[in-house]
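Please open the model in your viewer and keep the selection panel at hand. The stops below are given in the order in which they can be selected.

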Amino acid sequence: MALRNIRKIGDPVLTKQAKQVKEVNEKTKILIHDMLETMYKEYGVGLAAPQVGILKRIVVIDISSECDSPVVLINPVIVETSGEQTGAEGCLSVPGKSGIVTRPNYAKVKAFNEKMEEIEVEGEGLMARALCHEIDHLDGHLYVEKVEGDLIDNRELEEDGE
Amino acid sequence: MTKEEKKVNLRELSLLILIEVLEQDSYSNVAIHNTLLKYQYLEKQDRAFLSRLTEGVIERVIEIDYIINQFSKVKTTKMKAPIRNILRMGVYQIMYMDQVPDRAACNEAVKLAQRKGFYNLKGFVNGVLRNISRKKDEILWPDKEKQPKEYLMVTYSFPEWILNLWLTEYSYEQIEEMLKAFLEQKQTTIRCNQTKVTVEELRQQLLEEKITVKEGDYLPFALKISDYNYLKKIKAFRQGLFQVQDESSMLVAYTSGVKNGDYVIDLCAAPGGKSTHIAELLNKTGIVSARDVSEDKVAFINENVARLELSNLKAEVYDATELRKEDIGKADIVLADLPCSGLGVIGKKTDIKYKTKKEDIEALAELQRRILSQAVQYVKPGGILMYSTCTINHIENIDNVNWLLEQYKEFELETLDSNMPDNLKSSTTKRGYLQLLPGKHKTDGFFFAKFRRK
């Protein structure tokens, strides 16, 4: 088990289409475990396999502040969305930046779990945002393509005026 | 993905709205509503902060600019728009928001100036705001005795030309009372849809939804509600159990003397407050033809009609300045709630006081006469014409009543007292008209008159 190296914007692997997962073998299980570990270490709420350089359709998400509710999605497909939310979004592959992105406020996803059982996950608000953001990665898309206005430097947001 | 949702900067959102409203042509209620809609996920307290700050600056901007100009060498009229509005927000927080420490108001303003690309003006923003924060008890205000008009302008943030107009029509004390009432916190007044529910049942249901409910001031079917987040999220609203409407406006249908089977034409009906009210009073009989000038406005009426479930109301697009021949002499009641300067509802739509122009009032009074001269033709002999506006200038109200009586000798004023709440009866209601004034009455500023065709 190990931390993986997060690929940054500009790395061509982030622009490629990821491949369907046909079976979950030992290697896949290790990958999923490493992805979760890497996400928690970097204070992320979601990570997609291409972000650690693996072109497989695998996503991990945990929006809980206790980091105790991981969701693992294999071959996820968005089957339903509704509503709209506009808010700041960031990405571990675009460090130190954030931008305003409009996403559906609700999303329903069909996928497989680590045992390759079919599952359905739905979410509102932040969860819906994370589902859309991570599944975009599997098709080679980053949120920066969708930003309204400018990409903001987070240091600017946090800097004290004194 | 990383979690960034806390980083939406409320003051930056507020600044964008202020620039739209104070520097461009947007209306404050529309701009604030659109922003809240877009950022629906904001916590209740963040939403409240955003509305309070934005509405507060708009409501008090004349006073705020007066303060800034006492402490800044560069006058507000010479500043760049973002800087002008960043300073205004800062001053409002210092003067009116106890929950924001002055230091935070200054720091946030400086940061915002920097983020908006005015790095070199950080010192200026900081200097002006800190100076105001230090000397806020030493501000020189206009003296009420020596400069009575300037005193009203600055204290109540009110444009000079409207004061000039009103000073010829009302006493100084009466005007000050109105201006004071405009700035007071408003509750939402609602009309119970008595075709679906009793007032008591509605009150119970609202209380169950944890909404604060009070009695209306004049009418038994009016309630005042507060402490709710979003009107459209109230179950009783979605079920069509009530309509938002000021008590002043409810008086129109209430005193019209409508009876079962009447044919009613409402010439400028959107959003449908009076039309739906009179349709309710018709109790599933008769017909109300509710008209307005655009598809959008008619869609707005239809939305309310569908929600309130009124089968005797038909809405359609029609321009009230044009005569519709097939309606001549057909209506038992014509409602003419006409386009006006809206100075009576400044308490609810704060920026009307800045957006209305002097020349608008003349033009509106003229437009009212054009519509009235169509309206009179639809009234059948013995029928009623109700003329109303939400403003308080003579030229748009009583002057037009006198004009109509002069032009159309077959019309006479009819007393309102047969169905007027006792606490509103006066010598004018006995004759057939009523001017409601904020402060004096617990309503918006509103005028209406009742005519009968002989």
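In which helix of chain A does His133(A) lie? Select helix 2 (residues 126-138) of chain A, and His133(A) will be found within that helix. Before going further, please keep in mind that this is a predicted model, with an ipTM of 0.71 and a pTM of 0.73.

**Stop one: the annotated site in chain A**

His137(A), like His133(A), has its place in helix 2 of chain A.

Is His133(A) buried or exposed? His133(A) is buried, because 25 other C-beta atoms lie within 10 Å, and His137(A) also counts as buried because it has 23 C-beta neighbours inside 10 Å. Now display the surroundings of each: leaving aside neighbours within four places in sequence, His133(A) is in contact with Gly46(A), Glu89(A) and Tyr143(A), and also with Met1(B) of the other chain letter. With residues up to four places away in sequence again not counted, His137(A) touches Ala48(A), Pro50(A) and Gln51(A).

**Stop two: Lys19(A)**

Next select Lys19(A), which lies in the segment before helix 1 (26-41) of chain A. Lys19(A) counts as partly exposed because it has 13 C-beta neighbours inside 10 Å. Beyond its neighbours within four places in sequence, Lys19(A) is in contact with Leu55(A), Lys56(A) and Arg57(A).

**Stop three: helix 2 of chain B**

Move to chain B, where the pLDDT averages 93 and 99% of the residues score at least 70. Select helix 2 (residues 28-38) of chain B and highlight Ser28(B), Ala31(B), Ile32(B) and Thr35(B), which are buried. Looking down the axis of helix 2 of chain B, one sees these buried residues fall within an arc of 95°, so they line one face of the helix. His33(B) and Leu37(B) are exposed on the other side of helix 2 of chain B. To see what covers the buried residues, show helix 1 (10-23) and helix 3 (44-59) of chain B, which are included in that cover.

**Stop four: a four-stranded sheet**

Further along chain B, four strands form an open sheet in the order 2-3-1-4, with antiparallel pairing. Its edge strands, each of which pairs on one side only, are strand 2 (212-215) and strand 4 (242-244) of chain B. From one strand to the next, the twist averages 35°. Zoom in on strand 2 and strand 3 (residues 222-226) of chain B, which run antiparallel and are joined by four bridges; Lys214(B) has Lys224(B) in strand 3 of chain B as its bridge partner.

**Stop five: the annotated site in chain B**

An unreviewed UniProt entry also lists a "binding site" in chain B, and among its residues are Ala270(B), Lys274(B), Asp292(B) and Asp337(B). Select Ala270(B) in the loop between strand 5 (263-266) and helix 14 (273-281) of chain B. Ala270(B) is buried, because 22 other C-beta atoms lie within 10 Å, and its contacts beyond four places in sequence include Asp292(B) and Phe300(B). Lys274(B), which lies in helix 14 of chain B, is buried because 27 other C-beta atoms lie within 10 Å. Among the contacts of Lys274(B) beyond four places in sequence are Ser249(B), Asp266(B) and Asp337(B).

**Stop six: strand 12 of chain B**

Finally, select strand 12 (residues 446-453) of chain B, in which seven of the eight residues are buried, so that the strand is largely enclosed by the rest of the structure. Which strand is joined to strand 12 of chain B by six bridges? The partner is strand 9 (residues 379-389) of chain B, running antiparallel to it, and Ile384(B) stands opposite Arg452(B). Strand 10 (residues 411-413) of chain B pairs with strand 12 in the antiparallel sense over three bridges, with Leu413(B) partnered by Phe451(B). Strand 11 (residues 433-436) of chain B pairs with strand 12 over four bridges, likewise antiparallel, and there Leu436(B) stands opposite Phe446(B).

Key:
Residues are numbered from 1 along each chain as its sequence is written. Chains are lettered from A and ligands numbered from 1 in the order in which they are written. This is a predicted model: local features need pLDDT of at least 70, side-chain atom pairs count only at pLDDT 80 or more; totals for chains, interfaces and linings use all residues. UniProt positions are given in the numbering used here, feature names are shortened, and annotations may be inferred rather than shown by experiment. Helices (H or I, at least four residues) and strands (E, at least two) are DSSP runs, numbered from the N terminus. A residue is buried if 20 or more other C-beta atoms lie within 10 Å of its own, exposed if 12 or fewer, and partly exposed in between; C-beta atoms are placed from the backbone. Two residues are in contact if their C-beta atoms, placed from the backbone, lie within 7 Å. Two strands pair if DSSP finds at least two bridges between them. Axes are lines fitted to C-alpha atoms, for helices over the stretch in contact, and angles run from 0 to 180 degrees between N-to-C directions. pLDDT is the predictor's confidence in each residue, from 0 to 100. The arc is that of the directions from the helix axis to the C-beta atoms.
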